[in-house]
Amino acid sequence: AEMIEAAIKSGCSLQTIIQEIEDYEDIISDMELVASAIKNNNGSEIRYASKELRNDKELIEYAIEHELHVLAYIDEEARKDKDILRKYFKSPFSLETPKATHQSVLCLSRDILSDYDFMLELIADNEYVFQEMYSDTFYNMFKIKMPINIDVAFCKKAYQVNPKTLKFMNNNMKKNVKE
């Protein structure tokens, strides 16, 4: 374990380690080693962790502090945890670019996307969530029409919780929202 820890601290990724070691289950199941890999490399190291650790809330939250695309690497069940999602969409990484939010929003389950009250909560912290809901990506991927293209009440709520969402609305919707 000391040798593995030294390798991780020198910048060796979990991927490299598990390619070189035949019996690596103990390594990817070791919370301290995986956390060290996250700290010394980045949060995407969580993708090589055991299924159990990819569901560990504490480890996921630690990975969120170190990586932009953590949601893509954690277990599907963990992506339904609203506390984890709140923390992620408030993180500086998710606020850096619309592209970062785009990739993360696409990782959300249909149940989460359909929970408009929760989505408004995410929009309050990150206007790019609204932008993604406004795009045709959702319709094309999920075959569900998100409400914001036609739902004035939803857009008004989004605007109330985060006025920055206005820049993503078409002119007609902007007029309706400001009334």
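Tutor: Before we start, a residue is called buried here when its relative accessible area is under 20%, and please keep in mind that this is a predicted model.

Student: Okay, then Tyr128 and Phe168, buried or exposed?

Tutor: Tyr128 is buried, and Phe168 is buried as well.

Student: And how are the two rings of Tyr128 and Phe168 arranged?

Tutor: They form an aromatic pair that is tilted, with 6.1 Å from centre to centre and 55° between the planes. Tyr128 belongs to helix 12 (residues 127-134) while Phe168 is in the loop between helix 14 and helix 15, so this pair ties together parts that are 40 residues apart in sequence.

Student: How many aromatic pairs are there by that rule?

Tutor: The count comes to three. Among them is the pair of Tyr88 and Phe89, which is edge-to-face, with the centres 5.2 Å apart and the planes at 90°. Both Tyr88 and Phe89 are buried.

Student: What does the Thr165 side chain reach?

Tutor: It reaches the backbone oxygen of Asn162, at 2.9 Å. If neighbours within four places in sequence are left aside, Thr165 is in contact with Ile123, Glu127, Phe130, Ala158 and Tyr159.

Student: At what angle do the axes of helix 11 and helix 12 cross?

Tutor: The axes of helix 11 (residues 116-125) and helix 12 cross at roughly 130°, coming within 5 Å of each other. The two helices are therefore described as oblique to each other.

Student: Last one, Met173: which helix is it in?

Tutor: Met173 lies in helix 15, which covers residues 171-178. Met173 counts as buried because its relative accessibility is 4%. The C-alpha atom of Met173 is 7.8 Å from that of Cys155, and these two residues are 18 residues apart along the chain.

Note on methods:
Residues numbered from 1 in each chain as written. Predicted model: local features only at pLDDT ≥ 70, side-chain atom pairs only at ≥ 80, totals over all residues. Heavy atoms only, no water. Helix = DSSP H or I, 4+ residues; strand = E, 2+ residues; numbered from the N terminus. Buried < 20%, exposed > 50% of the residue type's maximum accessible area, 1.4 Å probe, protein only. Polar contact = N/O pair within 3.5 Å; in protein donor to acceptor, adjacent residues only side chain to side chain. Contact = heavy atoms within 4.5 Å. Phe/Tyr/Trp six-rings, centres within 6.5 Å; stacked < 30°, edge-to-face > 60°. Axes fitted to C-alpha atoms, helices over the stretch in contact; angles between N-to-C directions. Parallel < 35°, antiparallel > 145°, perpendicular 65-115°, else oblique.
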